[in-house]
Amino acid sequence: IDIFKACLPNRKGVFHLSKLHVVSRPGNQRRQLRTSSRSMTVMPAWVIDKYGSNDVLRFTRNASFPTINYPNEVIIKVFAAGLNPLDVGMRAGYGSATMSMQRDPLGMNQSGSEFPLILGRDVSGVVMECGLDVKYFRERDEVWAAIPPWKQGSLAEFVVLSANEISLKPKSLSHTEAAALPYVAATAWSALVNTGGLNKDNCTNKRVLILGGSGGVGTFAIQMLKAWGAHVTVSCSLNAERFVRELGADHTVDYTAGPVEEPLRALQKFDLILDNVGGDTERWALALLKPWSGAKYVTLVTPFLQNTDRLGLADGMMKTAVTVGSKALKHLMNGVHYRWGFFAPSGPALDEVRDMVDAGQIRPVVEETFSFSQVPAAMEKVEKGHARGKTVVQVGQGGDDL
Ligand SMILES: NC(=O)c1ccc[n+]([C@@H]2O[C@H](COP(=O)([O-])OP(=O)(O)OC[C@H]3O[C@@H](n4cnc5c(N)ncnc54)[C@H](OP(=O)(O)O)[C@@H]3O)[C@@H](O)[C@H]2O)c1
């Protein structure tokens, strides 16, 4: 059976016979060394029992221990958890209608409630237990992942995820550093690669504008695009210009000095715009694209979740479809493409990011770290905005940097 397992292809379809010695080792040492007892039923976590401001956060030692419900799931012991603006939004109820549907599409949850809810969308840790169909990961593998918002998060000692959502963590990073990347990396990947059509082979000399380059998504996107050979212009505050240039930005524009569209209009037109800012940017940004050349505007700031929160799922989705469809059509008549970008969980995308990290092309930007007891302070930090990279919470004992 072990030989058979070792001969299975990995998720890219590549066979790894070299793994044979690990899985076929008699009395497999990996299996004797557990990171936790499987008889555990509760764990420490920060939970919320209702939506609201920071004071709804509650520490408990009795959160339900995650269980493997599908054979492709793994339980991860969390060493570090990255925070994102989405955590602050979710704490206040943002996206609750859509998330409830994703969590329980058939309405089978007898309690009828998503609470107690655990926030935290980034995880770096170690695999503690694998479902029977998990072939690519083993217990004690060090992994990182971006956690879909409809799943319980990483502000807890353990989290359960599908194997296709996780990836082996970059060897060159500590857990704290690794937890700064997955959610923003998966979002930038989804927006730039899946929606924007960019990749490592077609970026050379492409002109990309990143609106809002100094936060989590921006600091990652700058580095990935520079590694792929693009020319990157970034809008940011004056006091972040040096910071984003050190990450590789070729040109910066200070949005605090006046209407930012004016200096941007003076520049050569762009092949792609990634909008991390939203608001009125749509009014002027699409005119900065090269027309009739396949150029795209991709915004991460969309009203999709507000629509479903406000109007319910069916009407909210209908309104969303009409809004995005009419905008796309309007801009298509001017020869440019208008798109909405969304986070998409993806272990294979993180595999590619890991290789770039280990090759020294991308580094995590950890602005501030907090201990597990300081989660409310960490959330407060994210809520204040003006991020310069990422906020990370150190969760478990035993990470290489704890
Ligand atoms: N659609 C999705 O699935 C998805 C996924 C992830 C993120 N997002 C959204 O994408 C946005 C960026 O996320 P993030 O994680 O990078 O947020 P973040 O870490 O909070 O960073 C936002 C950055 O933008 C800067 N900024 C604010 N106003 C600006 C402006 N007018 N022009 C240029 N820069 C400005 C901020 O610094 P200063 O205020 O000091 O300038 C900060 O550095 C957020 O709105 C987030 O909700 C959407």
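Modeller: I start with Asn205. Leaving out residues within four places in sequence, Asn205 is in contact with Gly229, Ala230 and Asp271. Contact here means heavy atoms within 4.5 Å.

A word on the basis. This is a predicted model, in which local features need pLDDT of at least 70 and side-chain atom pairs count only at pLDDT 80 or more, while totals for chains, interfaces and linings use all residues. Residues are numbered from 1 along each chain as its sequence is written, and side-chain values use heavy atoms, with hydrogens and water left out.

Back to Asn205. It sits in the loop between H7 and strand S8 (207–211). Helices (H or I, at least four residues) and strands (E, at least two) are DSSP runs, numbered from the N terminus. Phi of Asn205 is near 65°, a positive value in a residue other than glycine. The residue is exposed, with a relative accessible area of 62%. Exposed means over 50% relative accessible area, buried under 20%, and partly exposed in between, with a 1.4 Å probe and protein chains only. Asp271 lies 66 residues from Asn205 in sequence, yet their C-alpha atoms are 9.6 Å apart.

Gly196 belongs to the loop between H7 and S8 too. Gly196 is buried, at 8% relative accessible area. Residues up to four places away aside, Gly196 touches Ala191, Leu272, Lys296 and Val298. Gly196 and Tyr297 are 101 residues apart in sequence, but 7.9 Å apart from C-alpha to C-alpha.

H7 covers residues 182–195, and H14 covers residues 347–358. Two packed helices are described by the angle between their axes and the distance between the axes. The axes of H7 and H14 come within 10 Å and cross at roughly 105°. Axes are lines fitted to C-alpha atoms, for helices over the stretch in contact, and angles run from 0 to 180 degrees between N-to-C directions. H7 and H14 are therefore roughly perpendicular to each other. That label covers 65 to 115 degrees; under 35 is roughly parallel, over 145 roughly antiparallel, and the rest oblique. On the H7 side, Pro182, Ala185 and Trp189 meet Ala349, Leu350, Glu352 and Val353 of H14. By class, this contact has six nonpolar residues, no polar ones and one charged. Ala, Val, Leu, Ile, Met, Phe, Trp, Tyr, Cys and Pro count as nonpolar, Asp, Glu, Lys and Arg as charged, and the others, Gly among them, as polar.

Now the cavity. The structure holds one cavity of 30 Å³ or more. The largest cavity has a volume of about 30 Å³. On a 1 Å grid over the protein atoms alone, a cavity is a set of points where a 1.4 Å probe fits but cannot get out; a pocket is an open set with protein on both sides within 12 Å along at least five of seven lines; lining residues have an atom within 4 Å of a point. Points are joined across faces, edges and corners, and a volume is the space filled by probe spheres set on them. The lining of the largest cavity includes Ala180, Leu181, Val184, Gln223, Arg363 and Lys390. Helix H8 (residues 216–227) gives the largest share of that lining, four residues. The lining has six nonpolar, three polar and two charged residues.

Glu246 is in helix H9 (residues 241–246). At 53% relative accessibility, Glu246 is exposed.

Two backbone features lie elsewhere. His386 is not a glycine, but has a positive phi of about 55°. His386 is in the loop between helix H15 (375–384) and strand S15 (390–394), and is exposed at 62% relative accessible area. The peptide bond from Phe115 to Pro116 is cis, with omega near -5°. Pro116 is in the loop between H5 and strand S4 (122–130).

Of its 33 lining residues, Asn69, Arg103, Trp150, Lys151 and Gln152 are the closest to its centre.

Last, the whole chain. The protein has 15 helices and 15 strands. Buried residues make up 52% of its 402 residues.
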